[in-house]
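Open the structure in your viewer and keep the selection tool at hand. The stops below can be followed in order.

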Amino acid sequence: MRDLRPILLVEDNPKDAELTMAALARCQLLNDVTHVRDGVEALEYLRAEGRYADAQHGGPVVVLLDLKLPKLNGLEVLKEIRMDASISSTPVVMLTSSREESDLVSSYELGVNAFVVKPVDFKEFLEAIQGLGMFWGITNQPPPHGTLFGAKSRTDV
């Protein structure tokens, strides 16, 4: 049976978030899409803390992470994800407008699974997001639930 964990979209720009969610909806994925607006909220969601303490989502099938975010930027969020044993295997796609080589290099050094520059052209943007949705929501086989969430971090044992 297909793993229907949600897709986590971390995007502070309302227009980009709306376009991304519309493009994902066009894929007719059965996965829910959860949208958060900053890096702190993303980590709370992933760690099931704060307002997400009672969440039973099992962790996202993928995190679509913007680079330029308030509170904690995308690179800081990615670093936190990779350092936390309970969420470190969560697939992360940096979804950004940045074309800076330093952002690309830093993202891969921190363990990003993919780096996608948001196309400026509307049609190309929709196609890129739909491709991401189809791959991460349908094609890719994520790690089993137990290896993502609920596993104790190294500091808990």
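The model is predicted, so local features need pLDDT of at least 70 and side-chain atom pairs count only at pLDDT 80 or more, while totals for chains, interfaces and linings use all residues. Residues are numbered from 1 along each chain as its sequence is written, and side-chain values use heavy atoms, with hydrogens and water left out.

**Stop 1: helix H5.** Select residues 122-139, which form helix H5. Helices here are DSSP runs of H or I with at least four residues, and strands are runs of E with at least two, numbered from the N terminus. The 18 residues of H5 should span 26 Å at 1.5 Å a residue, and the end C-alpha atoms, 24 Å apart, agree with that. The expected span is 1.5 Å times one less than the number of residues.

**Stop 2: the start of H5.** Select Asp121, which caps the N-terminal end of H5. One of its side-chain oxygens lies 3.2 Å from the backbone nitrogen of Lys123.

**Stop 3: the two sides of H5.** Colour Phe125, Leu126, Ile129, Leu132, Gly133, Trp136 and Gly137, the buried residues of H5. Buried means under 20% relative accessible area and exposed over 50% (1.4 Å probe, protein chains only). On the other side of H5, Lys123 and Thr139 are exposed. Show helix H1 (14-26) and strand S4 (92-96), which are among the elements covering the buried residues of H5.

**Stop 4: Ser107.** Select Ser107 in helix H4 (residues 101-109). Ser107 has 0% relative accessibility, so it counts as buried. Its side chain reaches the backbone oxygen of Asp103 at 2.8 Å.

Notes. Contact = heavy atoms within 4.5 Å. Polar contact = N/O pair within 3.5 Å; in protein donor to acceptor, adjacent residues only side chain to side chain.
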